[in-house]
Amino acid sequence: MNTERRLLRWAAGIMLVLGIGHLSLLTLISREDVAGWVERGLWAAVPLLSGAEGNLDDQVAFWAGPGSFAVPLILLGCLVWQLAGRGVAVPAGIGWGLAVWCLVSGVLLVPSPYFVGAIAGVLIIVAGRRSSRGPA
């Protein structure tokens with residue numbers, strides 16, 4: 001089980017680096033827009049209830065940052081890390097979904113680090129298959 005645990009920890013680490021890196025990069029690039037949310041409120045970025053159109057730069061910064069898949073990727077990375085620490089197997093289907101999503105997104109958004117996320121998916125697949133075989 002030690003090998004599966006190590007594979008899952010690597011996968012979780014990759015997901016955490018990608019998600020946190022994405023949000024950090026957005027904060028650096030769109031610093032003024034993100035700082036504007038503090039002044040105008042988050043609804044300036046996504047004016048759902050107010051009916052106002054809002055600023056397009058604010059909306060792009062929101063959907064590229066906290067509204068993107070970076071936050072769920074961080075949460076998934078934390079979950080996989082926690083499960084690996086407890087010795088609980090992560091289903092290979094999670095890895096397949098992550099790998100396919102990252103490969104398709106990487107092709108659509110070249111150049112991007114999406115392809116690195118596919119590595120995390122493959123690690124989850126391998127760990128899931130090894131754990132389903134049982135002890136060697």
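1. Valine 90 sits in the loop between H4 and H5 (helices are DSSP runs of H or I, at least four residues, numbered from the N terminus). At 4% relative accessibility, valine 90 counts as buried (buried is under 20% relative accessible area, exposed over 50%, partly exposed in between, with a 1.4 Å probe and protein chains only). Its contacts, leaving aside neighbours within four places in sequence, are Leu8, Val80, Leu83, Ile124 and Gly128 (contact means heavy atoms within 4.5 Å). The C-alpha atoms of valine 90 and glycine 128 are separated by 5.8 Å, at 38 residues apart along the chain.

2. On provenance: the model is predicted, local features need pLDDT of at least 70, side-chain atom pairs count only at pLDDT 80 or more, and totals for chains, interfaces and linings use all residues. Residues are numbered from 1 along each chain as its sequence is written, and side-chain values use heavy atoms, with hydrogens and water left out.

3. The largest nonpolar core has 17 residues (a set of buried Ala, Val, Leu, Ile, Met, Phe, Trp, Tyr and Cys joined through side-chain atoms within 4.5 Å). Leu8, Ala11, Met15, Val80, Leu98, Ala120 and Ile124 have the most contacts inside it. H1, helix H4 (70-86), H5 and H6 each supply at least two residues of this core. H1 gives the most, with 6 residues.

4. Helix H1 covers residues 2-29. Its 28 residues should span 40 Å at 1.5 Å a residue, and its end C-alpha atoms are 40 Å apart, which agrees (expected span is 1.5 Å times one less than the number of residues). Buried residues in H1 include Leu7, Leu8, Ala11, Met15 and Leu26. Outside four places in sequence, methionine 15 is in contact with Leu73, Leu76, Gly77, Val80, Leu98, Ala120 and Ile124.

5. The whole structure holds 2 aromatic pairs (rings of Phe, Tyr and Trp, the last by its six-membered ring, with centres within 6.5 Å; planes under 30 degrees apart are stacked, over 60 edge-to-face, the rest tilted). Tryptophan 101 and tyrosine 114 are edge-to-face, because their ring centres are 5.4 Å apart and their planes lie at 85°. The pair joins helix H5 (residues 92-108) to helix H6 (residues 114-133), 13 residues apart. Tryptophan 101, at 25% relative accessibility, is partly exposed; so is tyrosine 114, at 24%. Ring pairs link Phe69, Trp101 and Tyr114 into a cluster.

6. Arginine 9 lies over the face of tryptophan 81, 4.1 Å from the ring centre (CZ of Arg or NZ of Lys within 6 Å of the centre and within 35 degrees of the ring normal).
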